[in-house]
Amino acid sequence: MVAVAILAAGRGTRMKSSLPKVLHPLGGRTLLERVLDSLQNLSVDHCLVVVGYGAEQVQQAMAAYPHLTFVEQRQQLGTGHAAQQVLPYLENYEGDLLVLNGDVPLLRPETLNQLITTHQQQGNAATLLTAQLPNPKGYGRVFCDGSNRVTQIVEDRDCSTAQKQNQRINAGVYCFRWPVLAEVLPKLQTNNDQQEYYLTDTVLLMQPVMAVDVEDYQEILGINDRLQLANAHGVLQQRVKEQWMRLGVTLIDPDSITIDDQVQIHPDAVIEPQTHLRGISTIGAGCRIGPGTLIENSTIHDQTTVLYSVVTDSTVGAGSRVGPYSHLRGEVTVGDRCRIGNFVELKATTVGDRTNVAHLTYLGNATVGAHVNVGAGTITANYDGYQKHPTVIGDRTKTGSNSVLVAPLTIGTDVTIAAGSVITQDVPSDSLAIARAQQTVKPGWRPKQLPPQA
Ligand code: UD1
Ligand code: CA
């Protein structure tokens, strides 16, 4: 068991943003959510989040995590000062405190487990995660003696030219024996370039402090500006895509594809270039998605093709074809073996199995049966300017090209709607409905200005 404190009070000045830094999204989840994800393998006694800049906004954004305790740091006087705010919340606590920076979002849960295990086995006062960075600029440098005991951590801006050569950096991830840290925190001073209380200075006041190098330095990348945010996104994407390729998914031109890490993809799916899979989405086995497609919070069942289309908050059955240029705008359920075609927009609509909506159609608030053929240019007029109204179309019905279905409307099974009809009244099953002007043909008719036919 450990207690956790996440330092998340800073404004993140270098982001140049009105949004608190820890709320910036990275691959569909905020930085702070990602830090919480890295705790998933631990049993945690208390989870404290130190908030300050945008405190209310951060708390609101984290409403789905009721086990968090928010600790306010009114003025942001440094990471050491942030840690001091935790003191009243852990009075008489005897265990270890894991301290994480809220802007280090790529940590693997195993890495934290290992840090804590090492800390406890070695009986250290503090153990910190370090990395050897090819470009350590901006990070605190960690200095150790011959036996890997940390003697000092110096911030980049406080480093001498010689100290800057040290590539071993502080990840901002620490395990402290809490009673020791609690005693040391009040003694921090601000004699540094920023005139701040540095958490890192506590290592001067306790021992033994040990450093543990992380194997893959990309895990500990911190986010201070938008460049680092983009870089972290790249690292995350690399991880996610490698995982899916190993599990039997084909990615064609992976660099042009983005996949959020809560997406599930079954084997033999093929993801084509310029395709983006977002949110909580599932792609079935053998699906072909893309090129040029966005799938968000949606489920696509096995063997379905989605080409140059946008699908959000929807479900598409197995063996169906969607696109090119379809837009499933939310609350849409398409059955198995359907064809949703070119320039078709669906909203809050259910389409039964083996139904075709193949060309130039808008269906909103519609319930369409199975084996239906929705003719080219069929439109549901579902909105009267105030309210949406439903349209029901029974099994095996065919709507003619360019029919307008004025809702509320119920059309039975085995109905044929004549092309060009404007249907305003319910149509019973097994019937033909025609609602258009009768065609008139005038034999021998010519415009007046032309001479009569010889
Ligand atoms: C910090 C470390 C540095 C380390 C780096 C790793 C210190 C002094 N330096 O530097 O050694 O290499 O992280 O990424 O700790 N915060 C507060 N209250 C404050 C100030 C900061 O809660 O008053 C929070 C921030 O929201 C952020 C975290 O602490 O999540 C780190 O602060 P930041 O200013 O980004 O520190 P760095 O300069 O990156
Ligand atoms: Ca930082």
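Analyst: What follows is a set of questions and answers on this model, which is predicted.

User: Why is V150 called buried?

Analyst: The cut-off for buried is under 20% relative accessible area. V150 has 8% relative accessibility, so it counts as buried. V150 is in strand β9 (residues 150-154).

User: What makes L128 a contact of V150?

Analyst: Contact means heavy atoms within 4.5 Å. L128 is on the contact list of V150, which leaves aside neighbours within four places in sequence. That list also includes V142, F143, C144 and V203. H233 is 83 residues from V150 in sequence, and their C-alpha atoms are 31 Å apart.

User: How do you know that the side chain of R141 makes a polar contact with N166?

Analyst: A polar contact needs a pair of N or O atoms within 3.5 Å. The side chain of R141 reaches the backbone oxygen of N166 at 2.8 Å. That distance is within the limit, so the pair qualifies. R141 also touches other residues, among them P136, Q152, D156 and R168.

User: Is E272 buried or exposed, and why?

Analyst: E272 has a relative accessible area of 13%, so it is buried. The limit is under 20%. E272 lies in the loop between β15 (270-271) and β16 (276-278). Its side chain joins that of R288 in a polar contact of 2.8 Å. Residues touched by E272 include I252, I257 and P291.

User: What makes D103 and N224 ligands of the calcium ion?

Analyst: For Ca, a donor must be an N, O or S atom within 3.2 Å. D103 (OD) and N224 (OD1) coordinate the calcium ion (ligand 2) at 2.3 to 2.4 Å, so they meet the limit. D103 lies in the loop between β6 (96-101) and α4 (109-122), and N224 in the loop between β11 (209-213) and α7 (226-246). The pair therefore ties together parts that are 121 residues apart in sequence. D103 and N224 are both buried.

User: How do you know that the length of α7 agrees with its number of residues?

Analyst: Helix α7 has 21 residues. At 1.5 Å a residue, they should span 30 Å. The end C-alpha atoms of α7 are 30 Å apart, so the two values agree.

User: What caps the N-terminal end of α7, and what follows the helix?

Analyst: D225 is the cap. One of its side-chain oxygens lies 3.1 Å from the backbone nitrogen of L227. After α7 comes G248, with a positive phi near 95 degrees.

User: Which parts do the buried residues of α7 pack against?

Analyst: They pack against β2 (25-26), α1 (31-37), β12 (250-251), β13 (258-259) and β14 (264-265). The buried residues of α7 include L229, A232, V240 and W244.

User: Why are β27 and β29 called paired?

Analyst: Pairing needs at least two bridges. Seven bridges join β27 (residues 339-347) to β29 (residues 356-364), so the pair passes. These strands run parallel. K347 has G364 in β29 as its bridge partner.

User: How many bridges link β29 and β31?

Analyst: There are two, and the strands pair in the parallel sense. V357 stands opposite V374 in β31.

Key: Residues are numbered from 1 along each chain as its sequence is written. Chains are lettered from A and ligands numbered from 1 in the order in which they are written. This is a predicted model: local features need pLDDT of at least 70, side-chain atom pairs count only at pLDDT 80 or more; totals for chains, interfaces and linings use all residues. Side-chain values use heavy atoms; hydrogens and water are left out. Donors are N, O and S atoms within 2.8 Å of the metal (3.2 Å for Na, K and Ca); water is not among the atoms, so sites may look incomplete. Helices (H or I, at least four residues) and strands (E, at least two) are DSSP runs, numbered from the N terminus. Buried means under 20% relative accessible area, exposed over 50%, partly exposed in between (1.4 Å probe, protein chains only). The expected span of a helix is 1.5 Å times one less than its number of residues. A polar contact is a pair of N or O atoms within 3.5 Å; within protein, one must be able to donate a hydrogen and the other to accept it, and residues adjacent in sequence count only if both atoms are side-chain atoms.
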